[in-house]
Amino acid sequence: MGDNFTSFSHTVSSGVPQCSIIRPLIFMLYINDLPMTVSGCGIDVYADDSTLYKAHEDHSVVKETLQTNLDVVNNWCAINNMLLNPAKTKCMVLATPYKHRVLEIKK
C-alpha cells in the first residue's frame, strides 16, 4: 500500500520543516545560549516562550534592568535571524496593593 506514492520535495534554505518531529529539540539547541546573554535579571525559557524577571524595591531599577535586557535579547534575536513579536510582549508588575498605589503615584 504506499509503494507507488512519494512525498513532494522542498528545499529548506534555513530552519526545519514545520511538522518535523525533531523540530522542538533543534529549536531548544538553537536558543540554548539565550539565557547567557542577560545579566542583572532572571530568564525562564520554555519552548518558544521566554520570561525576563527582576525583583527590586525601586521600580525604576526594575524598569531599566528589564528594558536593557529586552534590548539585549532583541539584538540576540536579530543576530540569530529571529524576531520578537511585540504584540505578545507584555510587562507585568506584581506588588502588594499598597506598593502598587505608590508606584502609580510615582508615574
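Mentor: Let us begin with the elements: helices (H or I, at least four residues) and strands (E, at least two) are DSSP runs, numbered from the N terminus. By that naming, threonine 65 has its place in helix α2. Please note that the model is predicted, that local features need pLDDT of at least 70 and side-chain atom pairs count only at pLDDT 80 or more, while totals for chains, interfaces and linings use all residues. Residues are numbered from 1 along each chain as its sequence is written, and side-chain values use heavy atoms, with hydrogens and water left out.

Trainee: How many helices and strands does the protein chain have, and in what order do the elements run?

Mentor: The protein chain has three helices and two strands. From the N terminus on, the order is α-β-β-α-α.

Trainee: How do you know whether the protein chain is spread out or a compact globule?

Mentor: One sets the radius of gyration (taken over C-alpha atoms) against the globule rule, which is 2.2 Å times the number of residues to the power 0.38. For 107 residues the rule gives 13 Å, and the radius of gyration of the protein chain is 20 Å, well over that value, so the chain is more spread out than a compact globule. The C-alpha trace spans about 70 × 25 × 20 Å along its principal axes.

Trainee: Why is threonine 65 called buried?

Mentor: Buried means under 20% relative accessible area, exposed means over 50%, and partly exposed lies in between (1.4 Å probe, protein chains only). Threonine 65 has 16% relative accessibility, so it counts as buried. Of the 107 residues in the protein chain, 14% are buried.

Trainee: With which residues is threonine 65 in contact, leaving aside its neighbours within four places in sequence?

Mentor: Contact means heavy atoms within 4.5 Å. With those neighbours left aside, threonine 65 is in contact with Ser39, Gly40, Cys41 and Lys54.

Trainee: Threonine 68 also lies in helix α2. Is threonine 68 buried or partly exposed?

Mentor: Threonine 68 counts as partly exposed because its relative accessibility is 44%. Serine 60, whose place is in helix α2, counts as partly exposed as well, at 42%.

Trainee: How far is threonine 68 from alanine 47 in space?

Mentor: The two are 23 Å apart, C-alpha to C-alpha, and 21 residues apart in sequence. Alanine 47 lies in the loop between β1 (42–46) and β2 (49–53). With a relative accessible area of 37%, alanine 47 is partly exposed.

Trainee: What makes the phi of alanine 47 worth a remark?

Mentor: Phi of alanine 47 is near 55°, a positive value in a residue other than glycine. Phi of asparagine 81 is likewise near 55°, and asparagine 81 has its place in the loop between α2 and α3 (97–106). Because its relative accessible area is 73%, asparagine 81 is exposed.

Trainee: Which residues form the largest nonpolar core, and what makes a set of residues a nonpolar core?

Mentor: A nonpolar core is a set of buried Ala, Val, Leu, Ile, Met, Phe, Trp, Tyr and Cys residues joined through side-chain atoms within 4.5 Å. The largest one has 10 residues: Ile31, Leu34, Val38, Cys41, Ile43, Val62, Leu66, Val73, Trp76 and Cys77. Helix α2 (residues 59–79) gives the most to this core, with five residues. In soluble globular proteins, nonpolar side chains tend to be buried together.

Trainee: With which residues is valine 73 in contact, leaving aside its neighbours within four places in sequence?

Mentor: Valine 73 is in contact with Leu34, Val38, Leu52 and Leu84, those neighbours being left aside.
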